[in-house]
Amino acid sequence: MQETQGGKIMEIVRGGVVSKLLEGVPIPKMFRAKQSFPRPLIKREDIPAAVWQAMEGERVASLIKPGMNIAITAGSRGIANVDVITKAIVDFVKKKGAHPFIVPAMGSHGGATAEGQLQILEGYNITEESMGCPIRSSMETVLLGTSELGKPVYLDKIAYHSDGIIVSCRVKPHNAFRGPYESGFCKMMVVGLGKQEGAESVHSDGMGVIAKNLPANAKVILDKAPILMGVCTIENAYDETARIAAVHRDDILTEEPGLLKEAFGNMPRLIVGECDVLIVDEIGKNYSGTGVDPNITGTFSTPYAHGGVNVQRTCFLDLTEASHGNALGTGLASCISKRLFDKIDLQMMYPNTITNTVIRSAELPIIMATDKESIQFCIRTLNGVDKVHARVIRIPNSLHIGTIMLSEAYYADVAEGKYEGLEALDTPEYMEFDDEGNLLTKII
């Protein structure tokens, strides 16, 4: 890509001054390591039965009446087994004699268009054919009223005019704020079903206030919209389904905080706790709302949340196809590769930022011509550390960190068992790059 600056054409190319400055910067030897965490698990083949068991609870099952037209939400996150979970809900509704249909519930994602949101669902194998029911996608909303905090509350028009709504979601810590309600039922109702207008309403005061706006707006939706129940999944540290729960509409506000605490307890982490450089092979909206989950990587976009690994420099190397060009999160890196940069679609990314008002996530960091130079840049610009023996962590993405790579500086401590739950799988070796500077060595 070329950009004009001061009348000169500037290109992201190899072999120029930048390449010469980075030439010879040593990248340390790396070794593979296995991270072990508790692993409660519902196998994929057992998920339909688990969904039905949760929904067969007398209090929630009785909410579904024969002949009802019932909207079932489907979001934009990369939830484990989301297609199986959604299909099981659809089938349960059919068994009760009602007529299910699916509505995308993803705020402004998909470029804030009905077609874009259908494309995201298709990427998760959620189609009319695979689900056996209609999918009705629209960005039209109805204004339900105003929250106790003065925010307008919107809801998907098609869902609003149904006989009942089942809110299907994952309960998980959010990547930009803390509160009793983070990613879960309230967010799916307020932001997901609120479409672009609802998402902008709840985000407009900034992330410092959203923890209050979410439940306030959710109260209006629970009062004015035909919400029947919520069906949620909680995942384990390996991005696998650990639990399915069905919650009556009247219990959503009281039960969601406890489910969130359970989800926090299941979160994985980078066990070594700190590093000088973090390499993320791939970012994407299917991994986290900000491309990488800062609860793992420590790269938060706001001051209203904290946690993750303590790191000085980060580089992101690629973007998932499932993101459809939405590279939100690039602004959290010290640098990105040209390979990632070339996949960015600003028309997919900027609507998300305009809506949620978190500008930093969409900013462009320094761009390096190759994977190798991206890593070398991070090492070269470290402050106050031994660059020759830099502590480097490499992960495939922020959702799958069971197997990672660590630099030689960690090897002795890992081999001696200093870190509980961390095991060396091989010995340190230099990573391989091709002639174009692309990283060839695989983590798994």
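Student: Before we start, what pLDDT do local features need here?
Tutor: Since the model is predicted, side-chain atom pairs count only at pLDDT 80 or more, totals for chains, interfaces and linings use all residues, and local features need pLDDT of at least 70. Numbering runs from 1 along each chain as its sequence is written, and side-chain values use heavy atoms, with hydrogens and water left out.

Student: What percentage of the protein chain counts as buried?
Tutor: Take buried as under 20% relative accessible area, with a 1.4 Å probe and protein chains only. For the 444 residues, that comes to 59%.

Student: How do the axes of α2 and α4 lie: parallel, perpendicular or oblique?
Tutor: Helices are DSSP runs of H or I, at least four residues, numbered from the N terminus. Axes are lines fitted to C-alpha atoms over the stretch in contact, with angles from 0 to 180 degrees between N-to-C directions; those of α2 (residues 47-55) and α4 (residues 82-95) come within 9 Å and cross at roughly 50 degrees. Under 35 degrees is roughly parallel, over 145 roughly antiparallel, 65 to 115 roughly perpendicular and the rest oblique. So the pair is oblique.

Student: Which α4 residues meet α2?
Tutor: Contact means heavy atoms within 4.5 Å. From α2, Ile47, Pro48, Val51, Trp52 and Met55 take part, and they meet Val84, Ile85, Ala88, Ile89, Asp91, Phe92 and Lys95.

Student: How many helices and strands does the protein chain have?
Tutor: Strands are DSSP runs of E, at least two residues. The count is 16 helices and 17 strands.

Conventions. Buried < 20%, exposed > 50% of the residue type's maximum accessible area, 1.4 Å probe, protein only.
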